[in-house]
Every structure is written in C-alpha cells, then in structure tokens.
Amino acid sequence: MNKRTSTALSTALTATLLLAATGCSGGRQAADAHGKDLATANNGRVVGGTPQKGGTLTILSDQDFTHLDPARNWVVSGMDFGTRLLYRTLVSYQAAPGAAGGELVPDLATDLGTPSEGARTWTFHLKAGVRYEDGTPVTAQDIKYNVERSFSPDLPGGADYAARYLKDAEGYQGPADGKHLDSIRTPDDRTIVFELRRPFAEFPNATVMPTFAPVPKAKDTGPQYDNRPFSSGPYKIETYQRNKKLVLVRNPHWDPRTDAIRKAYPDKLVMVMGLRANQIDDRMVASQGADASTVPWFALRPESAGKVLPRADVRKRLLAESMNCTDMVQMHTGRAPFNEVKVRQAVQYALDKEAVVTASGGPAFNDASTAYMPAALFGGKQPDILRIPTTGDADKARQLLKEAGKPNGFTTTMTVSNGDKGRAEAIQQALAKAGIKVTIETVDPSAFYATIGDTTHRSDMVYTGWCPDYPSGSTFLPFVFDGRYIKDKGNSGNHSLFRDAPTMRRMDEIAAMTDAGKATAAWRRLDGEILAKAPAVPVLVRRWPLVVGTNVAGAYGQTSFGGQLDYASVGLKDPAKSEG
Amino acid sequence: MALTSTVAPAGSGPWQRARQQLGRRASVKISLVVIALFAIMAVAAPLLSTLGGWSPEEFDKTAVDPYLGGQPIGPLGGISADHWLGVEPVTGRDLFARVVHGAQVSLLIAFAATAIVVVAGTAAGIAAGYFGGRTDAVLSRLMDLTMSFPSLIFMIAMMSVARDVNRIVLMTAVIGLFGWPGIARVVRGQTLSLKHREYVDAARVGGSGPWRILTRDVLPGVAGPVIAYTTLIIPGMIATEAALSYLGVGVRPPTPSWGQMIAESVAFYDTDPTYFVIPSTCLFLTVLAFTLLGDALRDVLDPRGSRT
Amino acid sequence: MIYYAGRRLLSVIGVLIAVAAITFVIFYVLPSDPAAAACGKSCSTERLAAIRAHMGLDQPLWRQFTDFVTGIFTGRTMGSGQYTLHCHVPCLGYSYENNQDVWDLMMDRLPVSASLAFGAAVIWLVLGLSAGVVAALRKDTLTDRALMVGSVAAASLPVYFTSMMLIYGVIRIAGLLPYPSYVPFGDDPLHWASNLLLPWLALAILYAAMYARQSRSSMIETMAEPYIRTARAKGLPYRTVVVKHGLRAGMTPILTLFGMDLGGLLAGAVITESLFGLPGIGRLFYGALSSGDQPVILGVTLLAATFIVIANLVVDLLYAVVDPRVRY
C-alpha cells in the first residue's frame, strides 16, 4: 500500500469513527464496515496511561478460581493472577503489551537457566533477597518441594511438564512419607538443578508454570493450601471466602529491587465473585462511582457487544487480544463414517465458519481459523492453504460425499460443552445443508473431558479447543495429532484419534531439531500437511474482550496469558477516587 | 353453599349447573379463548411456521449484524414482513416459528406431566382413602417422602445426570415424579368422606365389587376437585419446564421451548427487548389463563376447598 | 403432645435417611467423574486411579454410604499421606472444588439464602394477607376483584421477567439501588436490606397471590361463622373481631402453605439467586452440579430436605397453638 491510499483510508476511518460516536444508526453502519478494527484498536497498546501508586483495584467476577495453589493452577487466567500477584516463578513473561509480552525474563532466577548435557540438565541460580510474606527467604528447596507436591494425588489439576520431562518421575506420588525426587538437586539454598529424561530445549518456557513457584514445607496445608497460598509476590491474601470475595493487601517483605516484572501499583486488590455476568458487563460499560476503579475478570459476553462497539467512549476502554487457542471440530478418524478422508473433507467444506463466528460474538471478538495452530505460532497470521470460503461450500461438500459413496449424506452426533451450544447449533445448521444431519449432545463442563476422553463410547465428533502453553508448535501439534498419546479412557488433545505414520515420523524429526528457526518453519509446514488429511476442522480463534473502568490505567491484554489483563502492571489513574 | 352434599353419582344436574356458573364469568371465557389459541398454535405449529416461511431451526444470517454481537437488523428486534415477530439475535432464526414450535414443546411437556400426576395421584389417593389400613399407611408414607424431596433441586440434578435419552420424555417423567402426592392427598381426603356415604354403602351392600364401587361411585365423586386441582397445577408445570430450561437442563438444541427461549433471551433483555418480551408474554398469558380458569373451576366444583 | 412430637421426630429422621440413600445412589452412579474432573487437562491413567483412591471412590457403593452416614455423627478423617483432612461433626463430606468441608461451605452460604427467604416471606405475608383481608371484607366489590386478578396476574409473570424489569427500572434507569451483591447483616444492616430489596420483591410477587387468595377465602368463611356474629353482637370493635377471631381461625391453611414455601426457599432459590447473582445455597448447588462436586450436591439435597421436613413438623406443632380446635 502506498502512502496516499493509506492516508485516504485513515481519513475515511476517522470519519466513520466520528459517525459512530454521534448516533445509533450511524454507529451500526460504521460497525458494519470496520467492526474488526473497532474492537482491536487497542491491541498492543496500554489503556489509561501509566498508573499512580496506591488505591484499591476492584475485580468483578462471575466465578471463582479453579485453583490458586501453585501446584494445581493450570488455567491461563488463574496463572496470570497467581504468578503476577502472589507467587514468583523461576522464569516469567515480560510485563509488556503486544508481542513483547511473549518474551521470557528471569524472575526468581538470575537468568533463563543454563543447559548442559545437550539440554538434558538445566541449572538455575536464585536471586538474593527474595522473601516470603513473613520475611523468611525463598530457597531452592522450596521450589523443589512444590514441584514434588504437584505429583500428589491429593493435589490434582496442575501442569504436568514436570511429570512429563523429569527423570525417574514415573510412579512418584509426592513428598508424602519423605519420598523425594532425585532428579531435582539443590546443591545450595540458591541453586536448583533439573535432570530431564530427554533433551528439552524449551525447558525455560515450562518454568513459567506455577509448578515452579516456591512453597515452604512448613506452610503446606495440603488441599487447603488452595485457599491460602503463602505469598512470595507483591501481595498476600488478607481474606478469601470461596466464590464470594478475595482481598489482597501488600506483602511488606516483597522487594521491588529483586523484581523487574511486577509494578504492584494498587495498595489493595478486591475481587468480588459470584456476580451475574451480564451485570458485570453493564457495570463496566457504565463505569460509575466505585466501578470506575474496576476491571472485569472474565471476558465480555458476546451479547454485550452491542452495548460496547457502537460507543467510542467505551471502545477506548476495550481490550481484545487474541486468546491464541484454536476451536476445532475433531472427527473420530478411527471408525466409519469419518475414517474416510473424503467424508472429513466434506465437513471441512460444509462448515460455515462465518455463522460460527457470529454465534461466538461476531468478527469483532473472533477470527475464523484457516489453520490448526493459532496466528501467534505463525508469526502473526495464519496461512490459508485450502482456500475454502469462510461461509463454506455446500456444493463441493455434497460432491465429496458423493465421491465417498454417501450421496444422501448421513447422520452423526457431536458432543459439545454446555457453553458451546450456540456454536454447535451453527455447525449443525451448516452441515445440514450438505446433507449431514448432526445431533448435538451437550455435556456439563465437569463431565465434558471425561465424556469425550472415553474413546470407545464417545460420539463421532467433538467440539474442543487447544491452547499452546507457550509459543511453539511443539505445544500444539504433538498434543493434538500424535497417535501415540491416544488413551482408551481419559484421552485428551487428540480427539480425532488421528494415527498417521508420516505425521508422527515428522514430529519426531522436528522435535530433534536444534535450530529453533528451522523447527518453527517445519511445524508450520506440518500444520498444512495435516490440514490436507482433515482429521479436524479448525473453526475459530477467540479474543478476550475486556472493558476496564475509566479510572483504570496500565491496562493491556497479556498475549501470553490468553489476552487476560496483565496484573503485573495494572493500576489506577487516580487512587484517591477508588473506594478503600 | 351445600353443593358437595348434593353431588349425585354421575348425575348430569350439578355439572350443568357448574357449566352455567362458569359461563357467567368473563375471566373464564377469556381464559378459555387464550388457552384455545395457544393449544391451536401448538397443534398447528408446523403449518403456521410454513405460512411464516421459516422453519424454527433455519438460520438467517442476513437478519443479524455480526459486528454487534448478532443484534437483529431493524427496529423492534427485526420485526418485518419477512419475520413477523422478529428474529433471534446471533442466529437470525425466525421468532414466530420458534414461538409456535416452542408452544408445542412446552405445552406437550406440561400436559403430559399433568396427565401423569393426575392419573398417578388420583389412583394413589383413591386407593389410600378407600382401602385404608396398610395400603393407606404405605402410600401416605410414600407421599410424605416424595414431598420431602427438594423437588426443583432434585429435578435439576436428575436432568443433568441423564444422557442419551429423549429429553422431552425425561423431563415429563421427572416433573411428574414429584407432582403426584399433592393431588393424591386431596383425593384421599375426598375419598375418605365419600366412603361412608349412604349410596356407597348401599352399593357395597348390593354386592358391588370394589372395582365397580371405585369407578362408578367414588371416582365421579372426586372428579370435581380433581378437575379444579388439575387446572391449577398446569401453570406450575409450565413454569417448571421453563425453570429447568433456564438452568440449562431442558430440551436439546436446536429444539425450541418457551423456557429455553426465555433462558436465552434473559441475556438480551436490554439490548433486544422484543426477543425477551415475546416468549415471556406467551408464558405469562398461558399461566394466567390456567390460573384464572382453575380458580373459577375450584369455586364452582370444590367450593369448600379440599386443599389442606 | 410430647408423644406426638417424638413420633414425628423419629419419622423425620427416617425420611432424611431415605432421602440421603436415594440421592446417594442416583449421584454416585453418574457418568460424571469427580476424579477425572479434578485431574485436569492432561491426566495419566495411574494418576487418575490414585486420585480416585484418595477420594474414596474406589470403595463399593454401600461402603461409601455407610462411611458417609457414620461421618455425620462421628466425623471423618480423609485424604492420605501427609495431607490428612479432618472433617468435623456433622461431616457431610469434603468439597473437591472448594477445598472445604461441605458443612462449613453450606453454613457460609446459608445466611444469604436465609436473608433472601425470610425477607421475601415478610413482604409476601404483609402484601398477601392484607390484600386477602381487604378483599374478603369487600367481597364481590370492584376492589375485591381488582385485588384478586391483580395478584394472580403479578404472580403469573415469569420470575425472569419481573427480576430483569426490576433490575432495569430500579437500578439501570432510576439508579436508586446498587447492583445486588450480598452484604452480611452484621456488617451493615442498611446495605444488607438495600442489596436484597429487589430479590425480595421478585420472590414476594411470585408468592403473595397464593396468600391473598387463601386468606380471602378463609376470612370469608370464618366471618360467616356464628361465633363471629356473637362477638360482634357483644359489641367488640370491628378491628378486634377481624384480627383476633377472623384471621386467627383462618390461619391454619396459611400456615401450612407458609411452612412448605419457606422450607423450600431456605434451601436456595436457585433461579432468583442466579438471576441476581447472590452467593446463596442455590448458587452453591448449581455450581457444584456443573463442576461435578458430588459431596456438595448430596449435602445441599440433604439440607434442603431437612428444611422441608422440619418446616412441616413445626407447622404441625404450631397448629395447636394457632387453632384451639386442634388437639393431638
């Protein structure tokens, strides 16, 4: 694009923005034309400028944390909250908007770790002067202890990188009865050494997980630690009533000189839980009184989009970073009818992604997906190899079905989690046009993974998503398409039950590559190769829209935490205006 | 009023008088018209939606604005010549088609559950009242037990547990399961008072078997209160269907029911009021009509009020 | 009287055990697996088995039930290894989701549901009874008909509709009240009431009509009784006659109704709580249901059944007090 057209375009855009601000009907048209830009205008930017120190930041939530215990915390938003406010990990993400938020920086450690023996052994040294909320120093033994705790069957739910990579960890059940892992060594209080089963060049990425936060043995209360984690971060828990209220106050022993990541602007954080989601949206849009110093915990409901997008003043406070998770329709490739590649391709063509995007809140809050891996793993933009129209191609789908010997279509079942009901109905409607009659089976979130993980009894299709734990193809494709990870019960990730020898061979080859750039390119190529075999249809990538209060500053969606607000740097413009 | 004491077995006199009394009330006429309208709507749903030009499950992407979270295009929730009652936000499905098909599902569940409740409750009540003794003791304990269950909580739980079953059948059964003791108690009380009436004694002395006495002498005697009570519990059934659907354990998508429609539309109550108001109004009118009709029936058929 | 109360109490316990057993069987043969739900995104078969053992889910069903019942009276020690959890009397199990004793969890939520239920009850009793009495005294006038049809119409409104309209009108448009979020009575009685006012109204509108209708017909009936005429003939003031004689004798059916309604509501008005975002028992239950937290589901069901049964018991005993004609 040359400079002149670009100027013309931006003038036109300004004009429509003005229009949008002036009236309802105008707003609607403007939104039609540039809805996407309207939602993503603040991406990569900080909303509200630099905060002032002090005040109370209120967080409104319709739910509680799954887990706050660092050994069990493996939900993206919860990891953001925990590691930014309550506990520190060996390594963490930089506190910065946009792509810079994906950069690793040392946190408890002095550097990003030193590999030896061909990345089979990793050594970290801890900073001096890092203290818990009672003033005692953080030690390497405490980190080892928490990694060990994460193996305990009493403390389930956490990330399993330690279990997957540490040497001699099979069958280990936690530090009960004085049993310890020999593969983690602590030569002194400030040195920790991990011995791995196989080379793992991306190990520092894994040490961002809260599993690698310190927990002192004396403070471990087992399952109840979840309700009162002991702080090594800038805040400590004052009170925590499950599903009602969590109050954080400053940890006086946290030393900002040891911490380059956390800004810790507010004096106090109050999280009010169990509210009604739509009331939260309304309060954030209105931003009146104490609500001005408030941020929402969960993403804006799609049905609230109409209250936000047409209003320029509200839009200024809207963050909408990508969650970097791909929603997919995964088909049971192990049995009829989806063992036939033409049938799976028919689904690929029949699916109307535009309708699913609308059901998911519209293009402002979702991107239709043309590849399996989200855009972040493609350097910012997904390729479109198949070039299927976003609205689908029912004729081509019917033709593929005819070639597969099913000219009259067929009947099948799709299992979805309750929350995906609307998306599922859009898929159902689109596939019906090509002659594929889908029955939707909705399952409670609690039973969802157990239901679809039972490979013999599950339905033909499932609607699930996968999020890479860090920006590398190695945390996506092998989890979703490696046939060797398939389990009869409790299966996860590879819900297509895709067992393809060339794909698996290629995955091993890429995993062995030492050149990171080559590996990245190879993963991207492999994504396209799998797409041609159609074990799953990539549908969309969601955004994480948040409207923050008018008195909130330093707000941006942290790209490495699924677009959740970066709690390391959020604060208030005018602390005096907040309610103590 | 001494109506109950003059009820003759299966006689036509009191029934005629009841009909006359009911006919004098305006509320009864209006209620009957409303109920008839919705019943016709439910029965003729496929025909009506064909007339409207949309099937209840058909998406209309042109009717919603994807950039505004799927808001209907046009005023009043997208009411137009094409979509008579507007469209559902997000999907653009035709509200008229969904409301009439929703009537079918909601009323079917309500009526079927009521039928189960009435048949089971009447049978249990008559048996308990007439046979007395151990039968009465067992049935009364069972009534107490059933009534001790927190019914809504239990219904939610049972609905969320079951999979791979027809949701409509399941919902009907679950609602019916917790409803029968109420009517059984009414019928039991009524049967007890009828049991020693002269004409019943006369029939017994005349050599009639219990089956004959129950069907010929007792059943007509309890019919009045049962009819009144039945009409009065239908609104509760409709509301229960709505409650279960609101809590996400109702019929499967994309099948519409009023409860399911209200549940989905609550989120749009301020952004698309039309969508919220239409199913709510249908539910309101139906519930009101049945309640008013039931009140009137009770006044006429069961003036002393058999409920405890 | 004492004999009667004792017998009733025994039957209450029997009913509760039956409710527990039935709930237990239904929920513990569910397809949803709390161990799998707890295990998380990536869960190996061995780990799943270990978690199941620690939750006691590998035991036979009857064993789990007897453990549960004895736990209520003796308390239980759960978990294993270094993490032993003591669950005190009355132990209704331990919530995997909330890492808390089910009993403590419910007692934490009970004030919310109780505030909601009692506050709403006061409003509907006042509204319902006064409408009923006025209608009865003006029987067959326009006032009577308007009150009766009006209350029935209000009660026929779907609760979703009334709730959202109250929120919209009072909070969004008029800005008279804050968005409801529970404030304990002890912290600030005024905020407690102002936050709960709308949920109270929403519930009261639903229930008041029943009471209006019931009190109207009771009043009409008792006012026609000979002893009322005698009382009036004796020259007692009209108000005294209405309140002392008329209302009191008509109380029995209302009391029954009230007992059942309040008992049911105490265990959580699931829908009202969810519409207004109040962290009561109903919300706890609904949350437990979607996260497969079986101990909480069982606990709330039992608590709810207990309330219903006790409410009925109290009502039966109160009959004797309210209505002098009743003797046990």
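**Helix packing, strand pairing and the B–C contact**

User: Which residues in α5(C) meet α11(C)?
Analyst: On the α5(C) side they are C:S113, C:A114, C:A117 and C:A121. Their counterparts in α11(C) are C:L262, C:L265 and C:L266. Contact means C-beta atoms, placed from the backbone, within 7 Å. Helices are DSSP runs (H or I, at least four residues), as are strands (E, at least two), numbered from the N terminus.

User: How do the residues of that contact divide by class?
Analyst: Six are nonpolar, one is polar and none is charged. Nonpolar is Ala, Val, Leu, Ile, Met, Phe, Trp, Tyr, Cys and Pro; charged is Asp, Glu, Lys and Arg; the others, Gly among them, are polar.

User: Some provenance, please.
Analyst: This is a predicted model: local features need pLDDT of at least 70, side-chain atom pairs count only at pLDDT 80 or more, and totals for chains, interfaces and linings use all residues. Residues are numbered from 1 along each chain as its sequence is written, with chains lettered from A and ligands numbered from 1 in written order.

User: Back to α5(C) and α11(C). At what angle do the axes cross?
Analyst: Roughly 155°, and the axes come within 8 Å. The helices span residues 102–137 and 251–266 of chain C. They are therefore roughly antiparallel to each other (over 145 degrees; under 35 is roughly parallel, 65 to 115 roughly perpendicular, the rest oblique).

User: And how far apart are the axes of α16(A) and α17(A)?
Analyst: They lie 10 Å apart, at an angle of about 170°. That makes α16(A) roughly antiparallel to α17(A). From α16(A), the contact takes A:T503, A:R506 and A:I510. α17(A) brings A:A519, A:A522, A:W523, A:L526 and A:I530. By class, this contact has six nonpolar, one polar and one charged.

User: Strands now. How many bridges join β14(A) to β15(A)?
Analyst: Eight, and the two strands run parallel. β14(A) covers residues 410–417, and β15(A) covers 436–443. A:S417 has A:V443 as its bridge partner in β15(A). Pairing takes at least two DSSP bridges.

User: What about β14(A) with β16(A), parallel or antiparallel?
Analyst: Parallel, over two bridges. A:M414 is partnered by A:M461 in β16(A).

User: Change of topic. How many residues does the contact take from chain B and from chain C?
Analyst: 32 from chain B and 33 from chain C.

User: Which helix gives the largest share of chain B's side?
Analyst: α7(B), with eight residues. Helices supplying at least two residues each include α6 (133–148) and α10 (210–246) of chain B. By class, the side of chain B that touches chain C has 23 nonpolar, six polar and three charged residues.

Definitions and conventions:
Axes fitted to C-alpha atoms, helices over the stretch in contact; angles between N-to-C directions. Contact = placed C-beta atoms within 7 Å.
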